[in-house]
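Visitor: Could you show me how to read a protein model, feature by feature? I would like the general idea and then the case at hand.

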Amino acid sequence: MAKTVMLAFLSILLVSAIILQPDASFQSSLQGLTVWWNIVFPGLLPFLILFELISAFGLAHAISSLLQPVMNRLFKLPGEAAHAIVLGWMGGYPAGAEAASSLRKRNLVTKQQGQRLLALAHMPNPLFMLVVIGAGFLHKPIVGIMIASVVWFSALCVMLGATIFQRKEPVLSDHSVARDGSMLQRAADAFRFGRDQDGRSFGKALGDAVSASVQKLMMIGGFMIFAAVLAKLTEPLLSPLFAETGLSFISQAFFEGHLGAYSAAIWQSPGTGTIGNAAAIAAVLAWSGLSGILQAGYSITGSDLKLLPFIAWRAAHALLAALFMLLLWKPITSLLGFWLAPNDLPAFTPAGTLTPDQAVAVALKTSDLPQLWPLSLSACLLLALFSLFISMILLPYRKTNRSA
């Protein structure tokens, strides 16, 4: 009852703030919509459709079978958990959270395993890190690669640490994977099992994949716009607090990861510089913002996975990502110096005299934001060709197994 009253009171406050500041609310919602249309929608749609097809035709089961030893020994997770990790790391949040929730609902992972898998599979879109941040925001593609590597590496370290210190718990076996025969034979068996289990034709699977993916993206867009408006309306309260500590980007980063990443990119504070900006961006991406957390919360609805431990995972990941960037910046840049020209080494373009609000407003113009549509479609085509290649490799093993 207390929670319901508190949420109702906060909703009334939010509606009142929107009525009192209609112009600010409209501009912030437009910014969130622009980011969603130019970055998130084209970045996620092809991958979501592709992975829906991969699941329908059994390739995800084959990949899970191949990765089963790694998942069991390193993370104490069943091989089918690899599907959630691949989906989350390639498609971006909340794709990984939804896959983890699906595994838990089917009782393929325990509750504790599901919580750890949820944290590991919740990753930012790789195209956003590599293209938008590296080439678009920072004008140095190599920096995007460095930040993405640190975010991924810190996530693995957090998960390995949690796996080491967790209480002993039996790993659920993979019911879809045969344990006899060679690795490729087991993958072929899993491939056939997944295809037979789904049973849909290509046209039916494609139509369902497009419909489900667009519906998910509409939900994501709503969360992003809501977070952008919330960040703008709470700015008078939060900005002075964080401005005193020199961390002005946090007011944006707390609510929305994409806006927060750009605020961290143009963040200027005495004693920081390139390494400080990179560490701030890595922390923002690992945190994912209130928008990303709410998307994960929506995805795990109906399961017994909890959002509070997930928030703790996100905070730990953010702190570790920033720490690793600070520690590894010099070694990485020194190593890159052997292969890159001095002009290609990591360096940020000065932000000039723009305030963070002005810089964000400029960056979120449709004409200035990098367009992910051609890149995402090209990446989707490459993944489709790779999937076809894997299927052709496994086909002879499927025929051999059937004849046997």
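This is a predicted model: local features need pLDDT of at least 70, side-chain atom pairs count only at pLDDT 80 or more; totals for chains, interfaces and linings use all residues.

Visitor: Where do I start, and how many helices and strands does the chain have?

Guide: Start with the secondary structure: the chain has 19 helices and 0 strands. Then look at burial, where 50% of the 404 residues count as buried.

Visitor: What share of the contacts with a separation of 6 or more comes from residues 24 or more positions apart?

Guide: Such pairs account for 79% of those contacts.

Visitor: How do I read a helix pair, and at what angle do α15 and α17 pack?

Guide: Take the angle and the distance between the axes together. Helix α15, residues 274–287, packs against helix α17, residues 307–336, at about 155°, with the axes 8 Å apart. An angle over 145° counts as roughly antiparallel, so α15 is roughly antiparallel to α17. Their crossing is right-handed.

Visitor: Which residues of α15 and α17 meet?

Guide: An α-helix has 3.6 residues a turn, so residues three or four places apart point the same way. On the α15 side, the residues that meet α17 include Thr274, Ala278, Ala282, Ala286 and Trp287. Among their partners in α17 are Ile311, Ala315, Ala318, Ala322, Met325 and Trp329.

Visitor: Which residues of helix α8 are buried?

Guide: In α8, residues 126–137, the buried ones are Pro126, Leu127, Phe128, Met129, Val132, Ile133, Gly134 and Phe137. Following α8 there is His139, with a positive phi near 65°.

Visitor: How do I read ring pairs, and how many aromatic pairs does the structure hold?

Guide: Look at the distance between centres and the angle between planes. The structure holds 9 aromatic pairs. One of them joins Trp36 and Phe41, edge-to-face, with 5.2 Å centre to centre and 80° between the planes. Trp36 counts as buried at 9% relative accessibility, and Phe41 is buried with a relative accessible area of 9%. A further pair, Phe254 and Trp287, is stacked, at 6.0 Å centre to centre and 25° between the planes. That pair links distant parts of the chain: Phe254 sits in the loop between α13 and α14, Trp287 in α15, and they are 33 residues apart.

Visitor: What does Ser154 contact?

Guide: Ser154 belongs to helix α9, residues 141–165, and is buried with a relative accessible area of 0%. Beyond its neighbours within four places in sequence, Ser154 contacts His317, Leu320, Ala321 and Phe324. His317 and Ala321 are also among the α17 residues that meet α15.

How values were computed. Residues are numbered from 1 along each chain as its sequence is written. Side-chain values use heavy atoms; hydrogens and water are left out. Rings of Phe, Tyr and Trp (its six-membered ring) pair if their centres lie within 6.5 Å; planes under 30 degrees apart count as stacked, over 60 as edge-to-face and the rest as tilted. Buried means under 20% relative accessible area, exposed over 50%, partly exposed in between (1.4 Å probe, protein chains only). Helices (H or I, at least four residues) and strands (E, at least two) are DSSP runs, numbered from the N terminus. Contact means heavy atoms within 4.5 Å. Axes are lines fitted to C-alpha atoms, for helices over the stretch in contact, and angles run from 0 to 180 degrees between N-to-C directions. Angles under 35 degrees count as roughly parallel, over 145 as roughly antiparallel, 65 to 115 as roughly perpendicular and the rest as oblique. A crossing is left-handed if the near helix is turned anticlockwise from the far one by less than a right angle, and right-handed if clockwise.
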